[in-house]
Amino acid sequence: MQPEEIKALIEGHIPESHADVAFEGSHLVVTVVSSAFNGLTRLKKQQLVYAALGDKIADGTLHAVQMQTLTPEEAG
């Protein structure tokens with residue numbers, strides 16, 4: 001999968017989100033900023049991102065995901 005495809009999956013699943021996606025070797029590195037994260041724990045934020053990528057993780061297309069999830073206020 002290309003970073004643009006992963007970005008589209010995340011942004012299509014999480015309202016008002018902006019995703020930066022890159023690969024570092026075989027590791028996927030994702031930063032997602034969304035107001036949908038307001039009031040959520042870090043775990044709940046990550047669960048939203050994993051839900052967007054769930055099928056691709058389940059079928060082995062993606063693995064070793066490193067992510068940062070931020071509200072717009074946290075992102076500055």
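A residue counts as partly exposed when its relative accessible area lies between the buried range, under 20%, and the exposed range, over 50%. Keep that in mind during this tour of a predicted model.

**Stop 1: Lys7 and Glu11**

Select helix α1, residues 3–13, which holds both Lys7 and Glu11. The two are 4 residues apart, about one turn of the helix. Show their side chains: they meet in a salt bridge, with 2.8 Å from N to O. Side chains of opposite charge can pair when their charged atoms come close. Lys7 has a relative accessible area of 25%, so it is classed as partly exposed. Glu11, at 28%, is partly exposed as well.

**Stop 2: Lys45 and Glu74**

How many salt bridges does a search of the whole structure find? There are 2. Having seen one of them, select Lys45 and Glu74, whose side chains also meet in a salt bridge, here at 3.1 Å from N to O. This pair links distant parts of the chain, 29 residues apart: Lys45 belongs to helix α2 (residues 42–58) and Glu74 to helix α3 (residues 72–75). Are the two partners buried or partly exposed? Lys45 is buried, because its relative accessible area is 6% and the limit for buried is under 20%. Glu74, with 47%, is partly exposed.

**Stop 3: Ser34**

Next, select strand β2, residues 27–34, and pick out Ser34. Its relative accessible area is 0%, so Ser34 is buried. Which backbone oxygens lie by a polar atom of the Ser34 side chain? That of Pro15 is 2.7 Å away, and that of Glu16 is 3.5 Å away. To see the surroundings, display the residues that Ser34 touches, leaving out those up to four places away in sequence. Among them are Ile14, Ser17, Leu70, Thr71 and Pro72, along with Pro15 and Glu16.

**Stop 4: Leu62**

Finally, go to the loop between α2 and β3 (65–70) and select Leu62. Leu62 has a relative accessible area of 3%, which means that it is buried. Then show what Leu62 contacts, setting aside its neighbours within four places in sequence. The contacts include Met1, Ile6, Phe23 and Leu28. Leu53, Lys56 and Ile57 are also in contact with Leu62.

Terms used:
Residues numbered from 1 in each chain as written. Predicted model: local features only at pLDDT ≥ 70, side-chain atom pairs only at ≥ 80, totals over all residues. Heavy atoms only, no water. Buried < 20%, exposed > 50% of the residue type's maximum accessible area, 1.4 Å probe, protein only. Polar contact = N/O pair within 3.5 Å; in protein donor to acceptor, adjacent residues only side chain to side chain. Contact = heavy atoms within 4.5 Å. Salt bridge = Lys/Arg side-chain N within 4 Å of Asp/Glu carboxyl O.
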